[in-house]
Structure formats: structure tokens, C-alpha cells
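Dear colleague,

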Amino acid sequence: MTYRSSWMTADLDIFRETFRRFLSTTLFPRSERWRADKMIDRDAWLALGEMGALCPDIPEEYGGLGGTFAHVAAVIEDLEHELPEMALPVAVHNAIVAQYIMHFGSHEQKQRWLPGLVTGQLVGAIAMTEPGGGSDLRALRTRAGREGNAYVLNGSKTFITNGQIADLIIVAATSDPEQGTRGISLLMLEAEGSDGFRRGRNLDKIGMHASDTSELFFDHTLVPAENLLGGEEGRGFYQMMEMLPKERLAIAVSAVAAMERMVQLTTDYVKDRKAFGKPILEFQNTAFALAERKSEALIARVFLDWCIEKAIMGDLDQVTASVAKYWTTDKQVETADACLQLHGGYGYMSEFEIARRFVDSRVQRIYGGTNEIMKVLIARSL
Ligand SMILES: Cc1cc2nc3c(=O)[nH]c(=O)nc-3n(C[C@H](O)[C@H](O)[C@H](O)COP(=O)(O)OP(=O)(O)OC[C@H]3O[C@@H](n4cnc5c(N)ncnc54)[C@H](O)[C@@H]3O)c2cc1C
């Protein structure tokens, strides 16, 4: 049975073949070091930029390839397949930061930041979550007061992906917490030389070891007024609401790619591993467990492809994206557990890919809006 995603094209086939080879030969050998350093190095970002894997959907006038969300999805899938530790950092950069600038930025803002994001000279991050809470974005506390030609940021953020290395950080802040959603704006913080901005600890996680996750602190940090995304105060909450569907779809893209990979690597393992004188695939329990996971991965894939088509056409709605994020990541975690079980004791050893995927998959149900919040959003549409 062969299945080909409806959004794939001959051009993308060529790009992906080269990209996968590059990942496995050039970047994969460095992944052990990134795990030890708890972050990906700048050279890797620059190498990805050179490959055309950063912001591939950005128009040529801003340095991109002029592709579509299909290119963004293809890059996430290939990373998830070949080098999963890079999928999250690059998804934040490509599918979130660049998208905000492209959608809401003025022509000057696009000219200023997009070319650097495409080459990897600028690494992007987005800082919404605060120590006091991430699910309820209306309640955020980081303050942005206007003083002359600048905004003054005070407050802190936590769990920020790429926080250790990012040069350009989208900071969600409020001019007045009493104003609720209407007080929130998005400020583009250029980290270099920014007085009062401090990166905190690179947080110690149970998985995703090569992806850095940080606290960020703002103590009277000045952000020039022209760095207000979109140029109009109080639009931040609506901008986030508009962009979150794509962010959630990006998470679903990596979830489905991970499911497919885990089914494949476990199938290879059980064909090879023997117990009671025969390959363990020949036990009905093993075969049924994998048959169930393969079915779910295929069903997830077909639904995901429909969502990707919608995103390409600019037609992806909040509820569909929430369904995709919640269901595929739940299934990813179940698949990781079932596949680890079929590896027996080796499945619990860090050197085995399935062990890492088991731990790494767990966070997918948490970030990008928890799966409970996804159900809240879906339930509102009932
Ligand atoms: C590895 C990692 C990377 C991350 N990267 C980023 C990043 O780059 N940028 C960023 O801004 N954030 C990032 N986050 C933060 C992430 O988005 C938040 O952790 C997430 O939104 C949940 O917020 P919280 O942790 O404050 O949990 P809380 O909001 O405190 O939620 C705790 C629990 O309560 C439940 N809950 C809350 N409200 C409701 C409700 N209304 N109904 C039912 N249940 C509810 C939640 O589902 C959850 O189970 C990252 C997190 C991790 C772990």
C-alpha cells in the first residue's frame, strides 16, 4: 500500500531528497553534542538556512523560496523523521515567528527581519508563557509602558523555546492588565545589546534535550516603538488567536511524522528480535499491536493532509487545528508507549531511538495550548 500526500509536488520531492540526505550525513553526527550542550549551535542554523530549510514559504523579495505551507510542513516532517531534536526549534522559527512577521509586519519590518530569519543569522523565539500561567493568555502580567519613542518592558517569561540563542523574540505584553485582551501587544525584541534583558536558566527537561527552553527577564528593557508588530497597540491577543491554528497544525505535522517513524522502526525491530525460537512479530499480540498503530498513523495522516491543504489555501480554522493538535499528539504518545513495550528492556535504554521518542513525545500534549485547552475550544463549537 502506498500513500502520497495530496500536497506533495515533484519539486518538493527533489528538495526533500537532498534535505534528508543533508540531515542524516551532515547534521545527525552532531546531535549527540547538542544533547550534551542542551541546545543546537549557530552553525547548524546557518547550515539549515543555506539548505533553504528556514522560512521556505517566505516570498523571494524577503529572501525566501516563495513556497507555501507545504514547504514548511515538509521541513518539519523531515526533521521529525531524521533529526527530531531539531523539529521543535525550527518549527518555532519557521511556523511561528516568521509567520507573525509575514502576516502582521509592515513592509519595513519584513525587510528588516525576514532575510536574517531565512539565512539563520537571526534565530526567532516567541515568549507568551509566564511563570504564573500559560493557558490563560488574557491574564499575562509582563508590562509594556510607552515612554517617548519606546516601550518599557518589565516582567518575565518561562519555557521559551530557542530562548538561549534567539536574536529576535516576539514578546507578548500588556499595557494594562485591567484592559484584558485589549491591552495586549506584541513587541519584537532584538536581543543583542538590549539593556535590561536577561536570559535565565536553560531549563532542565525530562526530554527534548537538544532543544533549549529558557526563562527570560525584562527589567526596564527598552524596545523601540517601531518594533511594535503591526504598528497598532492592543492587537496582540487577536494576532495570537489568528496565528495559533498554524502553530497547532505544525505540532500535528510532527506528531504524525513521529507516529509513522515509530511504527516503522518498531516493525523493523520485531522482525529481527526473536523469542521462543521465532521473530516476535509472529506473536499475534505483536502483530495486532502494530496493526492498530499503523492504522491510526494512516488515519492521522489522511486527516493531517486535509488540514495542510486547508492551511495552504489560508482556510485553516481554530477548531480544525485544535482537533488536529489534540488528537494526533494523544495518538503519538500512545504509539510511543506501545512501540516501547514491543522493544522490551531495550526500549527503556536511552541509546535506543524509541526510548528518546517516548520521552520527547510527552510534551506535545502540553505546549501550543494543552490538549485540555484544545477540547475547551472544540467544545465551544458544539
Ligand atoms: C518544552 C516546552 C517548550 C515550550 N515552548 C514555549 C515557547 O516557545 N513559547 C511560549 O510562550 N511557551 C512555551 N511553552 C509553554 C507552554 O505553551 C505552556 O506550558 C502551556 O501552554 C501550558 O501552560 P502552563 O504550563 O502554565 O500550564 P497551566 O496553564 O498552569 O495548566 C496546568 C494544567 O491545567 C489545565 N488547565 C488550565 N486551564 C484549563 C481549563 N480552562 N480547562 C481545563 N484544564 C485547564 C491544563 O490543561 C494543564 O493540564 C513551552 C513549554 C514546554 C514544556
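**Salt bridges and nonpolar cores**

Arg357 is buried, at a relative accessible area of 5% (buried means under 20% relative accessible area, exposed over 50%, and partly exposed in between, with a 1.4 Å probe and protein chains only). This is a predicted model, in which local features need pLDDT of at least 70 and side-chain atom pairs count only at pLDDT 80 or more, while totals for chains, interfaces and linings use all residues. Residues are numbered from 1 along each chain as its sequence is written, and side-chain values use heavy atoms, with hydrogens and water left out.

The side chain of Arg357 forms a salt bridge with that of Glu80 (2.9 Å, N to O); a salt bridge here is a side-chain nitrogen of Lys or Arg within 4 Å of a carboxyl oxygen of Asp or Glu. The two residues lie 277 positions apart in the chain, Glu80 in helix α4 (residues 69–82) and Arg357 in helix α10 (residues 353–361). Helices are DSSP runs (H or I, at least four residues), numbered from the N terminus. Glu80 is likewise buried, with a relative accessible area of 8%.

Helix α10 also contributes Glu353, which pairs with Arg261 of helix α7 (residues 236–272) across 92 residues. Glu353 is partly exposed, at 23% relative accessibility.

Lys331 is buried at 13% relative accessibility, whereas Glu334 is partly exposed at 34%.

In the whole structure, the search finds 27 salt bridges. A network of them links Arg16, Arg20, Glu77, Asp78, Glu82, Glu260, Arg301 and Asp305.

Turning to the nonpolar cores (sets of buried Ala, Val, Leu, Ile, Met, Phe, Trp, Tyr and Cys residues joined through side-chain atoms within 4.5 Å), the largest has 81 residues, of which Phe19, Leu27, Leu48, Met86, Tyr100 and Leu249 touch the most other members. Helix α5 (residues 87–104) supplies the largest share of this core, 12 residues. A second, separate core of 19 residues includes Ile160, Ala191, Phe197 and Leu228.

Leu48 has contacts (heavy atoms within 4.5 Å) with Phe19, Phe22, Leu23, Leu27, Ala53, Leu54, Met86 and Val90, leaving aside residues up to four places away in sequence.

With kind regards
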